[in-house]
Amino acid sequence: MKATDDLPVVRTLGELGALVGRDSDLYVRWSRGPSADLGNAKSRDDLTGVPMPGLSANPLGVEPWWGDRPVELWVARRLHDYSHLPREKGEGVRPWVLRGRVEGRGPDNEPLVRDVEPVGWVDEKVIREAQTEVDRQSGSWGPLRRDDGR
């Protein structure tokens, strides 16, 4: 697919859950979008600057151990885990869904994806729904980037 930001928009957590239910080989990437990413199709390790052989993304497919629990809760967690990235990476960074082939793993054990096919943007409303879903859970749960007081 041509690198473009003119993509469909996933507007609800239910819609994203249904998409993942139909296609378990999907990933979410937080960036400025396909147009910014696909020309280069590589990420860099933030710590060392080393180029990696694909785009850093996170799998949306539900793992078998999840059982018959709601797909929406699964994808809510996957989105919530990295919801800090727009604040850290700057203006224009937002989540988008893609298909691709895993080429390797990054330093955080995240898949590095090549042969990327953009699927759609994730609307900000979906992120708010994910937060609400996470807040409803009884366990302690926060995004991966946690303030350690330093």
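1. Aromatic pairs. In this predicted model, a search of the whole structure turns up 3 aromatic pairs. In one of them, the ring centres of tryptophan 65 and tryptophan 74 lie 5.6 Å apart with the planes at 70 degrees; planes over 60 degrees apart count as edge-to-face, so this pair is edge-to-face. Tryptophan 66 and tryptophan 74 also form an edge-to-face pair, with 5.2 Å from centre to centre and 65 degrees between the planes.

2. The tryptophan cluster. Trp65, Trp66 and Trp74 are joined into a cluster by ring pairs. Tryptophan 74, at 10% relative accessibility, counts as buried, and tryptophan 66 is buried with a relative accessible area of 11%; the limit for buried is under 20%.

3. Arginines over rings. Arginine 69 places its charged end over the ring of tryptophan 66, at 5.8 Å from the ring centre. Elsewhere, the charged end of arginine 94 sits over the ring of tryptophan 121, 3.6 Å from its centre.

4. Burial of α3. Helix α3 spans residues 71-80 and is mostly covered, with 7 of its 10 residues buried. The buried residues are Leu73, Trp74, Val75, Ala76, Arg78, Leu79 and His80.

5. Surroundings of α3. Which elements do the buried residues of α3 pack against? They pack against helix α1, the strands β2 (26-31), β4 (58-59) and β6 (111-122), and helix α5 (124-136).

6. The α1/α3 crossing. The axes of helix α1 (residues 13-22) and helix α3 come within 8 Å and cross at roughly 105 degrees. Angles of 65 to 115 degrees count as roughly perpendicular, so α1 and α3 are roughly perpendicular to each other. On the α1 side the contact is made by Leu13, Gly14, Leu16, Gly17 and Val20, and on the α3 side by Val71, Glu72, Val75, Ala76 and Leu79. By class, this contact has 7 nonpolar, 2 polar and 1 charged residues.

7. Spacing in the contact. An α-helix has 3.6 residues a turn, so residues three or four places apart point the same way. The contact residues of α1 include Leu13, Leu16 and Val20, and those of α3 include Val71, Val75 and Leu79.

Note on methods
Residues are numbered from 1 along each chain as its sequence is written. This is a predicted model: local features need pLDDT of at least 70, side-chain atom pairs count only at pLDDT 80 or more; totals for chains, interfaces and linings use all residues. Side-chain values use heavy atoms; hydrogens and water are left out. Axes are lines fitted to C-alpha atoms, for helices over the stretch in contact, and angles run from 0 to 180 degrees between N-to-C directions. Helices (H or I, at least four residues) and strands (E, at least two) are DSSP runs, numbered from the N terminus. Angles under 35 degrees count as roughly parallel, over 145 as roughly antiparallel, 65 to 115 as roughly perpendicular and the rest as oblique. Contact means heavy atoms within 4.5 Å. Ala, Val, Leu, Ile, Met, Phe, Trp, Tyr, Cys and Pro count as nonpolar, Asp, Glu, Lys and Arg as charged, and the others, Gly among them, as polar. Rings of Phe, Tyr and Trp (its six-membered ring) pair if their centres lie within 6.5 Å; planes under 30 degrees apart count as stacked, over 60 as edge-to-face and the rest as tilted. Buried means under 20% relative accessible area, exposed over 50%, partly exposed in between (1.4 Å probe, protein chains only). A charge sits over a ring if NZ of Lys or CZ of Arg is within 6 Å of the ring centre and within 35 degrees of the ring normal.
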